[in-house]
Amino acid sequence: MKTETVKKRCDFNAYETAKAAAEIRKLCIRSLASIGSGHIGGSMSVSDILAVLYTDIMHIDPKRPDDESRDWLVMSKGHCGSALYATLAYKGYFKKEELLTLNKGGTKLPSHCDRLKTVGIDISTGSLGQGLSLAAGVAYGKILRGIGGRVYAILGDGELQEGQNWEAFQFIAHRNVNNLITIIDNNRRQLDGYTEDICNPFGLKNKFEAFGLIAEEVDGHDVTEIYNALKTAENAQKPVVLVCNTEKGHGCNFAEIRGFNHYMPVTEELAESAAAEIDRRLEENYGRSCR
Amino acid sequence: MGVLADKFVTDAVEMRQAYCAALMKEAAENAKITVVDADVSHSVGTGPFYEKFPDRSINCGIMEAHAVGLCAGMSAMGLVPFFHAFGVFATRRVFDQIFISCAYQNLNVKIIGADPGVTAATNGGTHMPFEDLGLMRLIPNATIVEPADSSMYNFAVKFMADNYGLFYLRTSRRKTVKIYGDGARFEIGRANKLADGDDVCIFACGIMVYEALKARELLAKKGVFASVYDMHTIKPVDSAAVIYEAKKCGAIVTAENHNVIGGLGSAVCEVVSENYPVPVERVGVEESFGEVGSQEYLQSRFGLTAEKIAERALKSIERKLKRK
């Protein structure tokens, strides 16, 4: 299996963003190790997207998490909360040590995102297929109230099998909700296997375009491509769906397997081995020679 | 105590007209109130709202699941959305959306389910909710209201607009019998006592309130005196009233335009069995799906009548006397 999809880039702040992604992955894997298992596959595939959003794109202030005019994020694939918690801790919404309470009784960091428990979580998710409607509601609410800021919704490609998403896309296109940017973490796998084996999507980009949306496709592990696409989306006249082609488990050596990697045991040893490999790859792909 | 109308006659206005007028009054004072429909705005009577507040009226089309999620997201941005659909589509079809997108994350969404139970009449079984109260009662912190007439409806609309949280209100959209006169007072969570008696107590909601008042007359002719309550709030149910009447009358009947499982009858039984066990008879739909017919025919078909309430009241009293 191809494991090196991060391309060498020397423009904008690719190194800093890739470094953020590496930190997010390490924090996430260590938090999963603290409870012994977790949703590693989808958390790894979405890490580069989160790094770009939170370090380069979103207008947010960890000290003012309730500011209505902030950019909102809806992690519709709510089972990847652990990746988002790692991102929020990296950004300073709460202390990194808090990540080690993941999924333990009484924690503020439950498996699936909960806006009532976690500072920085804008919308609770976990029942797949509901996040996009919520995101559309927040975005449309911003329009109705004349409050600025954008809404970013991250959906899994497997999640797109839920029909409610297509209700939401019809609404978003018809109402031209263009302060909402939808991002698909297109890792082409779902819990039980490959989407093309379980329910073939037959090309997502065409579907979105047929629904009246602007659809772009990028390498979801290339922070520069993600960044450029999201910056372009900011000025689009129609709502944008960004299909980020990713690999489930990407960046975590023991999860980069063709077998089941949706939810895996994570030991401290595995986590440290993965962390060392993440650092090595960062240096290899974005090292001094490149900078 | 509720102030009853001098004479029980059919209301001059339809429930949907009363609703839209009440909501427009609130919306004039609160710019955050919004209307969300799923292609039944014509049926549920929100048309005038669309004309007066076009920017705050959203007809999603036939997509109830998305509409509920949209409401939840809008409320997260500080708006106060009122969502309307026929009762079956406002609850059963979108149960997880209400549960997770709205209630689980403590958002401020108001859901109006039109045509509860037999009031769906000729729309028949697919459109006839006998289970919506049961479903909604299972949602933590949901408030559930079934107004008996337009006076109570007016109050409920203002209350929902002014108070944070998930509300479900079920009501006929057509004209109903006017139960209350001017000066009637309402309190969410507190039943309105409409008549006093010592032999048996009837707790009713919605269209069954009028049937309960008629049942009281039938019973009085037999020398049996019944208390009658309009239990307009199904959740939180008025436990104090139930316990008071259980102690005073020792026999209870519930009457609802709903399955006897899960709704008002269940709620009253839960209070009675945990606090002061006395015989309870539940009048409602028993193990049936809906079907077409006039409301009058369907009330008779499913036993949602004054005669049935009176019959079950006597049975409840008989059970009480056997215990002694």
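**Close-up views of a predicted model**

**View 1. His39(A) sits in the loop between strand S1 (37–38) and helix H2 (40–45) of chain A.** The model is predicted. His39(A) is buried, at 12% relative accessible area. That value is under 20%, so the residue counts as buried. Its side chain reaches the backbone oxygen of His79(A) at 3.3 Å. Beyond neighbours within four places in sequence, His39(A) is in contact with Leu32(A), His79(A), Ser82(A), Ser111(A), His112(A), His262(A) and Tyr263(A).

**View 2. A nonpolar patch lies on the surface, formed by Leu191(A), Phe260(A) and Tyr263(A).** Together these residues have about 300 Å² of accessible area. Tyr263(A) is also among the contacts of His39(A). Phe260(A) belongs to the loop between strand S8 (240–245) and strand S9 (264–265) of chain A. Its relative accessible area is 46%, which makes Phe260(A) partly exposed.

**View 3. Phe130(B) and Phe302(B) pair edge-to-face.** The distance is 5.3 Å centre to centre, with 70 degrees between the planes. Phe130(B) lies in the loop between strand S4 (110–114) and helix H7 (132–137) of chain B, and Phe302(B) in helix H12 (residues 295–302) of chain B, so the pair ties together parts 172 residues apart in sequence. Phe130(B) is buried, at 3% relative accessibility. Phe302(B) is buried too, with a relative accessible area of 9%.

**View 4. Ring pairs join five residues of chain B into a cluster: Phe155(B), Phe159(B), Phe167(B), Tyr180(B) and Phe186(B).**

View 5. Most residues other than glycine have a negative phi, and most peptide bonds are trans. The bond from Lys235(B) to Pro236(B) is cis, with omega near -5 degrees. Asp39(B) has a positive phi, near 70 degrees. Asp39(B) is partly exposed, at 44% relative accessibility. For Asn106(B), phi is positive at about 50 degrees. At 42% relative accessibility, Asn106(B) is partly exposed.

Conventions:
Residues numbered from 1 in each chain as written. Chains lettered and ligands numbered in written order. Predicted model: local features only at pLDDT ≥ 70, side-chain atom pairs only at ≥ 80, totals over all residues. Heavy atoms only, no water. Helix = DSSP H or I, 4+ residues; strand = E, 2+ residues; numbered from the N terminus. Buried < 20%, exposed > 50% of the residue type's maximum accessible area, 1.4 Å probe, protein only. Polar contact = N/O pair within 3.5 Å; in protein donor to acceptor, adjacent residues only side chain to side chain. Contact = heavy atoms within 4.5 Å. Patch = residues over 30% accessible without salt bridge, like charges linked within 9 Å, V, L, I, M, F, W, Y side chains within 5 Å. Areas by Shrake-Rupley, 256 points an atom, 1.4 Å probe, with all protein chains shown as cover. Salt bridge = Lys/Arg side-chain N within 4 Å of Asp/Glu carboxyl O. Phe/Tyr/Trp six-rings, centres within 6.5 Å; stacked < 30°, edge-to-face > 60°.
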